[in-house]
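Take a look at the fold below. We will start with confidence, then walk through the strands.

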Amino acid sequence: WPIKNPNLYLVQFQLNLSTTTLSLSLFANPPRNPESIAMATSIARFSRRGVTTNLIRRCFAAEAALATKTEVPKPQLTVSPSPDRVKWDYRGQRQIIPLGQWLPKVAVDAYVAPNVVLAGQVTVWDGSSVWNGAVLRGDLNKITVGFCSNVQERCVVHAAWSSPTGLPAATIIDRYVTVGAYSLLRSCTIEPECIIGQHSILMEGSLVETRSILEAGSVVPPGRRIPSGELWGGNPARFIRTLTNEETLEIPKLAVAINHLSGDYFSEFLPYSTVYLEVEKFKKSLGIAV
């Protein structure tokens with residue numbers, strides 16, 4: 001505002017932010033009338049209000065910025081395990097699953113991997129082997145794995161109530177049969193000395209006659225018959241050529257070789273493993289006669 005007093009020629013404000021003090025200096029001759037004194041007092045009062053409000057705003061803005069940068073630690077949840085968790089742990093996979101009156105039957109010298117599932121009407125005959133991750137589900141009909149046959153990794157074998165072709169709905173795998181990994185068999189019949197390639201699918205009522213080979217990734221439609229001594233493959237499976245005598249002689253040899261290999265795995269599980277050595281050592285440390 002205009003200064004009416006000619007003697008007051010300079011008004012200077014000094015603001016010290018570190019000490020938040022305000023000083024007002026009047027470089028003039030000492031005020032001699034009440035008008036100059038009132039003007040100086042008004043300037044000091046309004047300046048003090050503006051500076052105080054600005055300082056408060058800056059203070060709150062700094063605190064808000066600091067709060068956004070500082071993360072609040074989340075409370076850690078501690079879960080105390082149940083004392084019965086180890087004793088009553090049902091997470092383990094069951095190998096043998098009885099269904100009603102049907103209990104899977106496994107021969108004494110047959111090798112069944114620990115993570116195989118056998119459910120219902122399943123029979124695993126002597127010298128045969130069922131490898132890791134295979135599922136044989138005989139809840140609707142019978143499943144038979146014959147002598148010295150093998151069902152390799154991740155195979156799924158199932159049986160329907162009935163077959164649309166009128167053939168037996170049970171899944172029958174006869175002797176000296178090799179079923180490749182990741183194959184799917186459903187209500188089919190495989191006669192002795194056959195090879196089913198990996199990732200093959202055999203649908204309901206399909207029949208693979210003796211001494212035949214099915215290539216990997218083949219799909220056999222329902223009711224399709226693969227004649228004896230032939231090589232089939234494709235989707236759907238088609239005739240490729242006739243097997244030679246040497247090839248038919250190699251089919252049972254492959255099954256026997258896998259049977260011998262399963263013996264090495266079979267010896268790693270009770271009661272034929274080497275755990276008894278640790279048991280005898282523990283008994284001797286306790287002074288128990290072995």
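What pLDDT does the protein average? The average is 78, and 65% of the residues score at least 70. Here pLDDT is the predictor's confidence in each residue, from 0 to 100. This is a predicted model: local features need pLDDT of at least 70, side-chain atom pairs count only at pLDDT 80 or more, and totals for chains, interfaces and linings use all residues. Residues are numbered from 1 along each chain as its sequence is written, and side-chain values use heavy atoms, with hydrogens and water left out.

Two stretches call for caution. Over residues 1-31, pLDDT stays under 50, and the model has 48 contacts there beyond four places in sequence. A contact means heavy atoms within 4.5 Å. Residues 84-91 also stay under 50, with 1 such contact.

Now the strands, which are DSSP runs of E, at least two residues long, numbered from the N terminus. Two strands pair if DSSP finds at least two bridges between them. An open sheet of 8 strands runs in the order β5-β7-β9-β12-β15-β18-β21-β22, with mixed pairing. β5 (111-112) and β22 (238-242) stand at the edges with a single partner strand each, so one side of each has no neighbour in the sheet. Within this order, β18 (213-214) and β21 (230-233) run parallel, joined by 2 bridges. L214 has W232 as its bridge partner in β21.

Turn next to β6. β3 (96-97) runs parallel to β6, with 2 bridges. There I96 is partnered with L118. β4 (105-106) also joins β6 in parallel by 2 bridges, and V106 stands opposite V124. β8 (135-145) is parallel to β6 too, through 7 bridges. G120 stands opposite G138 in β8.

Conventions:
Helix = DSSP H or I, 4+ residues; strand = E, 2+ residues; numbered from the N terminus.
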